[in-house]
Amino acid sequence: MITAIVRYRLPDTIDREACRAHFESIAPGFQSVPGLLSKHFIWSAHGTAGGVYQWCSRADADAFYGGPWRDGIIARYGMAPDIEFFDVFCVTDNVAETVTVLNTATDSAA
């Protein structure tokens, strides 16, 4: 499993409510992204927005970030996103009351 943290600077014309409305409108489209386990849509009062993504593999993430998604970010916000990748070793899920230890030896292509 791979976690990717994606950040980009918002233009001054996009405030919290505009960002939230946009995220709400596009969130359903992420349900069909191959290899995407979950996405948290994030916003900061400091003018940064983005997402925290959980991927099955780095290959899935690279396929997504290298496609039309990246072009859309650049078109909408005027900059390429900053993307940082992390190997996930363990997951604590308090809702499911589970702890999962992952084998990331074959997950990462970093």
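Is Cys19 buried or exposed? In this predicted model, Cys19 has a relative accessibility of 2% and therefore counts as buried. Cys56 is partly exposed, with a relative accessible area of 38%. That value falls between the cut-offs of under 20% for buried and over 50% for exposed.

The cysteines were also examined for disulfides. A disulfide requires two cysteine sulfur atoms within 2.5 Å. The cysteine sulfur closest to that of Cys56 belongs to Cys90. The separation is 17 Å, so the two are too far apart for a bond. The count of disulfides by this rule is 0.

The strands were considered next. An open sheet is built from 4 strands, in the order β2-β3-β1-β4, with antiparallel pairing. The edges are held by β2 (36–43) and β4 (82–87). Each of these has a single partner strand, so one side of each lacks a neighbour in the sheet. From one strand to the next, the twist averages 15°. Strands of a sheet pair through backbone hydrogen bonds, in either a parallel or an antiparallel sense. Here, β2 pairs with β3 (residues 48–55) in the antiparallel sense, over 7 bridges. Ile42 has Gly50 in β3 as its bridge partner.

Two helices were then placed relative to the sheet. Helix α2 (residues 58–65) lies across β1 (2–9), β3 and β4. Helix α2 runs at about 140° to β3. Helix α3 (residues 68–77) packs on the sheet and touches β1, β3 and β4. The direction of α3 makes about 25° with that of β1.

Key
Residues numbered from 1 in each chain as written. Predicted model: local features only at pLDDT ≥ 70, side-chain atom pairs only at ≥ 80, totals over all residues. Heavy atoms only, no water. Pairing = 2+ DSSP bridges. Axes fitted to C-alpha atoms, helices over the stretch in contact; angles between N-to-C directions. Contact = heavy atoms within 4.5 Å. Buried < 20%, exposed > 50% of the residue type's maximum accessible area, 1.4 Å probe, protein only.
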